[in-house]
Every structure is written in structure tokens, then in C-alpha cells.
Amino acid sequence: MGDVTDSPKYDANDLSRFIVDSADRELLPIARDELHALLEKTVLDGIPLLVLGNKSDLEDKLSVDELIEEMDLRAVSHREVSCYGISAKEETNLDAVLQWLIARANR
Ligand SMILES: Nc1nc2c(ncn2[C@@H]2O[C@H](COP(=O)(O)OP(=O)(O)OP(=O)(O)O)[C@@H](O)[C@H]2O)c(=O)[nH]1
Ligand SMILES: [Mg+2]
């Protein structure tokens, strides 16, 4: 992928990763609106989107299905969308995230 001074394949505006707190039921609707507003603005159509629901270790978290629903991810068009539950704290499912990134790094 080269270092940060190279022209990167994906830059900060391409929204390839979006991380939310899957246990914060109050903020999730705001995160959803933010994500969809940003997706409308971006010119980089077609870039794969990875939505991560962090804090999957918490009892009150939303499941991945609930996150997909709450974040209205089925409404995202012209992009491949993936959604995983992860726990940064317990390092859960980070291997899946890494695999996702590696599989798309050289596209
Ligand atoms: N349980 C849990 N905590 C995490 C995880 N990742 C980060 N944190 C903790 O969450 C806190 C930051 O969460 P944020 O939601 O960004 O900050 P916040 O809204 O001020 O804090 P909360 O009230 O905990 O949501 C820090 O204390 C982190 O240590 C995780 O996967 N699981
Ligand atoms: Mg929080």
C-alpha cells in the first residue's frame, strides 16, 4: 500500500471504514444520518464500505443484524457493504477486519 506520502489508493474521504459504538443506542441514529450524508457527498462511488460495530463485548450491544437495520445499510447503493461486530477491548473479530482489508488492498 505504500507509505502515507504516496498517493494512497484510499484516502480519508473515501469512507471505506466507519466505526460505531454498537452499545450506544442513543448515538446510533446520529451515526446513521452522518454516514448516509457523507455517502451522498463523496465522489468516490463504488469504494467498498466496512462498518464496524465496536464494543461487541458489552451485553447491551446491538447484534450485527440489528446494526445493519439501525444503520440502514441496505439502503447503500453502488457499493459493497460489510458489517462486523468487533471488540477493540477484547480484540474480538479483528482477524476478520484484517482479512477484509487485505482482500481489497490491491483492487
Ligand atoms: N467494553 C468496551 N470498551 C471499549 C471498547 N473499545 C473502546 N472501549 C472503551 O470505550 C471508551 C471510549 O468510548 P467512546 O464511546 O468513544 O467514549 P464515550 O462515549 O465518552 O464513553 P462511553 O460512555 O463508554 O461510550 C474508552 O474507555 C475505551 O477504553 C470495546 O471494544 N469494548
Ligand atoms: Mg460512547
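The report below goes from the overall layout to single residues and then to the ligand.

## The overall layout

Please keep in mind that this is a predicted model. The chain contains 3 helices and 3 strands, and reading along the sequence gives the pattern β-α-β-α-β-α. There are 107 residues in the chain, and buried ones make up 16% of them.

## The nonpolar core

Next, the inside. In soluble globular proteins, nonpolar side chains tend to be buried together. Here the largest nonpolar core has 8 residues: Val20, Val51, Leu52, Leu62, Leu67, Met71, Leu73 and Ile86. Leaving out residues up to four places away in sequence, Leu73 touches Val51, Ile68, Val81 and Cys83.

Glycine 53 sits in strand β2. With 29 other C-beta atoms within 10 Å, and 20 or more being enough to count as buried, glycine 53 is buried. Beyond residues up to four places away in sequence, glycine 53 touches Val20, Ser22, Lys61, Leu62, Val64, Leu67, Cys83, Gly85 and Ile86. The C-alpha atoms of glycine 53 and serine 22 are 4.7 Å apart, although 31 residues separate the two in sequence.

## Two partly exposed residues

Isoleucine 19 belongs to strand β1, residues 17-21. It counts as partly exposed because it has 13 C-beta neighbours inside 10 Å. Its contacts, leaving aside neighbours within four places in sequence, are Leu52 and Asn54. Isoleucine 19 and leucine 50 are 31 residues apart in sequence, with 8.3 Å between their C-alpha atoms.

Valine 97 is found in helix α3, residues 94-104. Valine 97 is partly exposed because 15 other C-beta atoms lie within 10 Å. Which residues does valine 97 contact, leaving aside its neighbours within four places in sequence? They are Leu52, Tyr84 and Ile86. Between valine 97 and leucine 52, which are 45 residues apart along the chain, the C-alpha separation is 8.6 Å.

## Around the ligand

Now for ligand 1. The residues around it are Asp21, Asp24, Asn54, Lys55, Asp57, Leu58, Ser87, Ala88 and Lys89. By class, this shell has 5 charged, 2 polar and 2 nonpolar residues. An unreviewed UniProt entry places the feature "binding site" at Asn54, Lys55, Ser56 and Asp57.

Lysine 55 lies in the loop between β2 (49-54) and α2 (64-70). Is lysine 55 buried or exposed? It has 20 other C-beta atoms within 10 Å, so lysine 55 is buried. Apart from residues up to four places away in sequence, lysine 55 touches Asp21, Ser22, Ala23, Lys61 and Ser87. Aspartate 57 is also in the loop between β2 and α2. Because aspartate 57 has 16 C-beta neighbours inside 10 Å, it counts as partly exposed. Setting aside neighbours within four places in sequence, aspartate 57 is in contact with Ser87, Lys89, Glu90 and Thr92.

Finally, a look at the backbone. Lysine 55 has a phi near 70°, a positive value in a residue other than glycine. Histidine 78 is not a glycine either, and its phi is positive at about 65°.

Where is histidine 78 placed? It is in the loop between α2 and β3 (81-85). Histidine 78 has 8 other C-beta atoms within 10 Å, so it is exposed, whereas lysine 55 is buried.

Notes. Residues are numbered from 1 along each chain as its sequence is written. Chains are lettered from A and ligands numbered from 1 in the order in which they are written. This is a predicted model: local features need pLDDT of at least 70, side-chain atom pairs count only at pLDDT 80 or more; totals for chains, interfaces and linings use all residues. A residue is near a molecule or strand if its C-beta atom, placed from the backbone, lies within 6 Å of it. Ala, Val, Leu, Ile, Met, Phe, Trp, Tyr, Cys and Pro count as nonpolar, Asp, Glu, Lys and Arg as charged, and the others, Gly among them, as polar. Helices (H or I, at least four residues) and strands (E, at least two) are DSSP runs, numbered from the N terminus. A residue is buried if 20 or more other C-beta atoms lie within 10 Å of its own, exposed if 12 or fewer, and partly exposed in between; C-beta atoms are placed from the backbone. Two residues are in contact if their C-beta atoms, placed from the backbone, lie within 7 Å. UniProt positions are given in the numbering used here, feature names are shortened, and annotations may be inferred rather than shown by experiment. A nonpolar core is a set of buried Ala, Val, Leu, Ile, Met, Phe, Trp, Tyr and Cys residues joined through C-beta atoms within 7 Å.
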